[in-house]
Amino acid sequence: MSLMILAVLVVIGVGGVVLAIHLAGGTVTVVLESENDAIRRFADDFPDAEVRQTIISSNKQTAILALGDGSAGVVHAIGDRFLTRHMGEVGPYMAQPEGDAILSLQLDDISWRGAQIEFESQPDRDAALEVLKPAGENQRG
């Protein structure tokens, strides 16, 4: 077989696999349509958690939740699924501002290392940062 025929077969094969993944829904990214969607999705994994506040990112793929125990929760879209984290139960994490309305969230979690989350406004980003402070720092006395 000539090299040109082999190259054409490889290109057609790779293109076919990409098309099959796309048609099977593998390139779909879910979104959070409302605060209630984020709360409902978080409650699927953490039914006993009380959500007091919800801040949704501008692309509607991430929500930061203020929980009743003073900790935070995160709902984040990955493909056609949602990943949830109760930040009071994960290892160390760091949230810091980046740019005008962007929050950088970094976790010590092998399954999800974090994300750059963009919000509609700087006040939304700042509210999310406040929620993501460790529980002891959120307590005001």
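Gly-91 is partly exposed, with a relative accessible area of 37% (buried means under 20% relative accessible area, exposed over 50%, and partly exposed in between, with a 1.4 Å probe and protein chains only). This glycine sits in the loop between E4 and strand E5 (93–98); helices (H or I, at least four residues) and strands (E, at least two) are DSSP runs numbered from the N terminus. Between the C-alpha atoms of Gly-91 and Asp-48, which are 43 residues apart along the chain, the separation is 20 Å. The model is predicted, so local features need pLDDT of at least 70 and side-chain atom pairs count only at pLDDT 80 or more, while totals for chains, interfaces and linings use all residues. Residues are numbered from 1 along each chain as its sequence is written, and side-chain values use heavy atoms, with hydrogens and water left out.

The chain comprises four helices and seven strands, in the order α-α-β-β-β-β-β-β-β-α-α from the N terminus on. Its radius of gyration is 19 Å, well over the 14 Å that the globule rule gives for 141 residues, so the chain is more spread out than a compact globule. The radius is taken over C-alpha atoms, and the globule rule is 2.2 Å times the number of residues to the power 0.38. Along the principal axes, the C-alpha atoms fill a box of roughly 75 × 30 × 30 Å. Of the 141 residues, 33% count as buried. The accessible surface comes to about 8500 Å², 56% of which belongs to carbon and sulfur atoms (Shrake-Rupley method with a 1.4 Å probe; for residues, only the protein chains shown count as cover). Among contacts with a separation of 6 or more, 44% are accounted for by residues 24 or more positions apart, contact meaning heavy atoms within 4.5 Å.

Leu-105 lies in strand E6 and is buried, with a relative accessible area of 1%. Neighbours within four places in sequence left aside, Leu-105 is in contact with residues including Val-74, Met-87, Tyr-93, Trp-112, Ile-117 and Leu-132. The C-alpha atoms of Leu-105 and Glu-35, 70 residues apart along the chain, are separated by 20 Å.

The chain carries 10 positive and 20 negative side chains, and the centres of the two sets lie 1 Å apart. Lys and Arg count as positive and Asp and Glu as negative, with His and the chain ends not counted; each charge is placed at NZ of Lys, CZ of Arg, CG of Asp or CD of Glu. Nine salt bridges are counted, a salt bridge being a side-chain nitrogen of Lys or Arg within 4 Å of a carboxyl oxygen of Asp or Glu.

In one of these, the closest N and O atoms of Asp-37 and Arg-40 are 2.6 Å apart. The two residues are three apart in helix H2 (residues 35–45), and are therefore separated by about one helical turn. Asp-37 is partly exposed at 22% relative accessibility. Arg-41 and Asp-44 form a salt bridge at 3.7 Å, N to O, and are likewise three residues apart in helix H2, about one turn of the helix. Arg-41 is buried at 19% relative accessible area, whereas Asp-44 is exposed at 57%. A network of salt bridges links Arg-41, Asp-44 and Asp-45.

A further salt bridge joins Asp-109 and Arg-85, with the closest N and O atoms 2.7 Å apart. This pair links distant parts of the chain, 24 residues apart: Asp-109 is in the loop between strand E6 (102–107) and strand E7 (114–118), and Arg-85 is in strand E4 (residues 81–86). Both Asp-109 and Arg-85 are buried.
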